[in-house]
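Subject: Structure for your review, with findings

Dear colleague,

Please find the structure below, together with its sequence.

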Amino acid sequence: MSYCLNPQCPQPQNTPEAKFCLTCGAKLLLRERYRAVKVIGHGGFGKTFLAVDEDKPSRPACVIKQFHPQMQGNCQKAIELFHREAERLDELGKHPQIPELLAHFEQDNHQYLVQEFINGPNLEAEILDHGIFNEAQIRQVLNDLLPVLQFIHHHRVIHRDIKPANIILREGSQRQGQLVLVDFGAAKVVTDTEIPIMGTVIGSPEYVAPEQTRGQAIYSSDIYSLGVTCIYLMTQISPFDLYDIHEDRWIWRDYLKQNSVSSELGKILDKMLAVLPSQRYDSALKVLKDLHPGGIPVAIARHLQTPSPPTPAPQTVRTPAPSHSQTLPPRTIQQPTPPQQQRVQPLQVPSWKCVHTLSGHRNAITGVAFSPDGQTLASGSQDQTIEIWRLDSGKRWYTLVGHSNWITTIAFSPDSKTLASGSRDQTIEIWDMTKGKRWYTLTGHQDGVEGVAFSPNGQLLASGSRDQTIEIWNMNKGKRGFTLTGHQDRVYSVAFSLDSQKLASGSRDQTVKIWDLNTAKEVQTLTGHGDWVRSVAFSLNGQLLASASKNGMIRIWHNQQGKWVLLKTLRADDQEIFNIIFSPDNQFLVSGGGQGIIDIWDVQKGILLETIPAHDSDVFTVAFSGDGQWLATGSYDRTVKLWKQ
């Protein structure tokens, strides 16, 4: 079946192989790759479709959200909601229990979001098919979802529509049995400057907290809704009937029948369900601590984002987008098996000490780079600015402004005179550092730029993009030289070899590719990573190549007569890794990862030397100064830190 996406089409069903609708003539493929199969939900601003991605040989399932604001009389409002949901999903989709955003675009006057399809039943279907949950299952629900709440609250988002229908039990993958939180169309982004006023009431009435019914959702409103979800799963009774309005109290225990609940779990649920926010848990982490008084298990703790931001004042709420609802054959919940720990015991006292903490950015730090002359440090941020800092004083010098979306990557030219910055706005800005202002803009990518790197001879600039391509730019002429194609998914990182003749690229397709820049062709593909390759780096002697992936794996490759062979594999507790870099003397490798951790590895021995709790949140970027005396780290906590041994 192929479903026509034209909202006015009277007969939208078509044959599976059709390219155009037989009734209205509309194109059936979005972006020449996404084919809608059937409607699975609809809301105030559009519809949600089950779809397939025909650009990939396996034709994987995905979910299309279509917005058609012209039917609502408020086009600008709907477009604003579309862009906000895309930003939310793009940021939050890196969590394995939140659907990933695959694409967002406009076609035929409609806005579209394409998301990962989560195969499995939602908990509403699960309870209908298999009956009420027991205490062990409720504890598993809490253990699975509380870290997700901690994650989204840490990213200043309130979900506002937590209920059984929006929790899917994943099946048919390595994460089978894992609960996934879906439908962020009603989510609210909390800002520091927003004035608390009455907003639009949003969410499912049976599950929303009292303050949310007045349009003033706060972080603990999600904890309340999760508590209501739990008592529904234990009773299969409408939450409206589980609260006695005459006595003004919950009576859920009266409906447990033969399903007993321990006093410990009962007290936790009661506190989650407290009507007054002041008497309720104000963070998911505190709920987990009460669930595990002997200490939160490692398998759960490693997924936590800490610390949580403070509970905000009541916030304005917004109109929801279409629902993402899926119902497939159910299965039982399984406890995930924690990965084996392969970390060597690190030094107890880190040898690297923080000398300066640089503050000033208003959002996450996504790139740091030292000027080769050793005078300055540049930091790029999701706040769309680049700050230039003096190394001698640790003070901000000046700010570069010009991008219209997140800055994702920055790099200095070898002579320190030029800085390149890549952005989600699909451009690369070239900055003249002798004048402290923008020089010119490189355009050509069809999606956000994720990585940039100058060749050691300064003649070339490489850029990797979410559009799956790598552009090679001629810096002598300031224009595009040629395009490298071959990756099957986003290119996150690029790095030049010492002789400027080869380029390495890491991609979401789980491969590293080696390119010959003289012939503009791929010469080798390195495999073995079980997840996205986020970062690649050459050692300065040109003999080693390191690659790091989302699942915490670091691989070291050795150059043997022009071919790269695997030398050793490092692991970091399955902790997510965002960036890696070799020290200038080639002795150490530094990796920045989740939960604010940086690891220092001995390259020759392949062992972990130090683990440093460097930041309060994920470390997105790391860099060494040319002399190896300074180490810089940038984090989601909005700070840059400078370290010395």
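Helices, defined as DSSP runs of H or I with at least four residues, are numbered from the N terminus. Please note that this is a predicted model. In that numbering, R139 belongs to helix 3, which covers residues 135–154.

Contacts across the sequence

R139 is partly exposed, with a relative accessibility of 24%. Leaving out residues up to four places away in sequence, R139 touches S262, E264, L265 and L291. For L291, the separation along the chain from R139 is 152 residues, while the two C-alpha atoms are 8.0 Å apart.

Beyond its neighbours within four places in sequence, K56 is in contact with R33 and D489. K56 and Q488 are 432 residues apart in sequence, yet their C-alpha atoms are 8.4 Å apart in space.

T418, in strand 21 (residues 418–423), is buried at 10% relative accessibility. Not counting residues up to four places away in sequence, T418 touches A411, F412, S413, I430, W431, M433, W439 and F454.

Aromatic rings and charges

The whole structure contains 13 aromatic pairs. One of them is formed by W397 and Y398: the ring centres are 5.1 Å apart and the planes meet at 65°, so the pair is edge-to-face, because planes over 60 degrees apart are classed in that way. Within this pair, W397 is partly exposed, with a relative accessible area of 43%, whereas Y398 counts as buried at 18%. The cut-off for buried is under 20%. Elsewhere, ring pairs join Y34, F105 and Y112 into a cluster.

R534 is placed over the face of Y492, 5.9 Å from the ring centre. The charged end of K550 sits over the ring of W532, at 5.1 Å from the centre of that ring.

The cavity

How many cavities of 30 Å³ or more does a search of the whole structure find? The search finds one. The largest cavity holds about 50 Å³ of space. Ten residues line this cavity, and the closest to its centre are I577, S591, G593, I597 and D599. Strand 37 (588–593) and strand 38 (597–602) are the elements that give two or more residues to the lining. By class, the lining of the largest cavity comprises four nonpolar, four polar and two charged residues.

Backbone points to inspect

The loop between strand 37 and strand 38 holds Q595. Although Q595 is not a glycine, its phi is positive, at about 60°. Q595 is partly exposed, with a relative accessible area of 25%.

R160 likewise has a positive phi, of about 75°, and is not a glycine. This residue is in the loop between strand 9 (157–158) and strand 10 (167–169). Is R160 buried or partly exposed? At 1% relative accessibility, R160 counts as buried.

Yours sincerely

Key
Residues are numbered from 1 along each chain as its sequence is written. This is a predicted model: local features need pLDDT of at least 70, side-chain atom pairs count only at pLDDT 80 or more; totals for chains, interfaces and linings use all residues. Side-chain values use heavy atoms; hydrogens and water are left out. On a 1 Å grid over the protein atoms alone, a cavity is a set of points where a 1.4 Å probe fits but cannot get out, and a pocket is an open set with protein on both sides within 12 Å along at least five of seven lines; lining residues have an atom within 4 Å of a point. Grid points are joined across faces, edges and corners, and a volume is the space filled by probe spheres set on the points. Ala, Val, Leu, Ile, Met, Phe, Trp, Tyr, Cys and Pro count as nonpolar, Asp, Glu, Lys and Arg as charged, and the others, Gly among them, as polar. Rings of Phe, Tyr and Trp (its six-membered ring) pair if their centres lie within 6.5 Å; planes under 30 degrees apart count as stacked, over 60 as edge-to-face and the rest as tilted. Buried means under 20% relative accessible area, exposed over 50%, partly exposed in between (1.4 Å probe, protein chains only). A charge sits over a ring if NZ of Lys or CZ of Arg is within 6 Å of the ring centre and within 35 degrees of the ring normal. Contact means heavy atoms within 4.5 Å.
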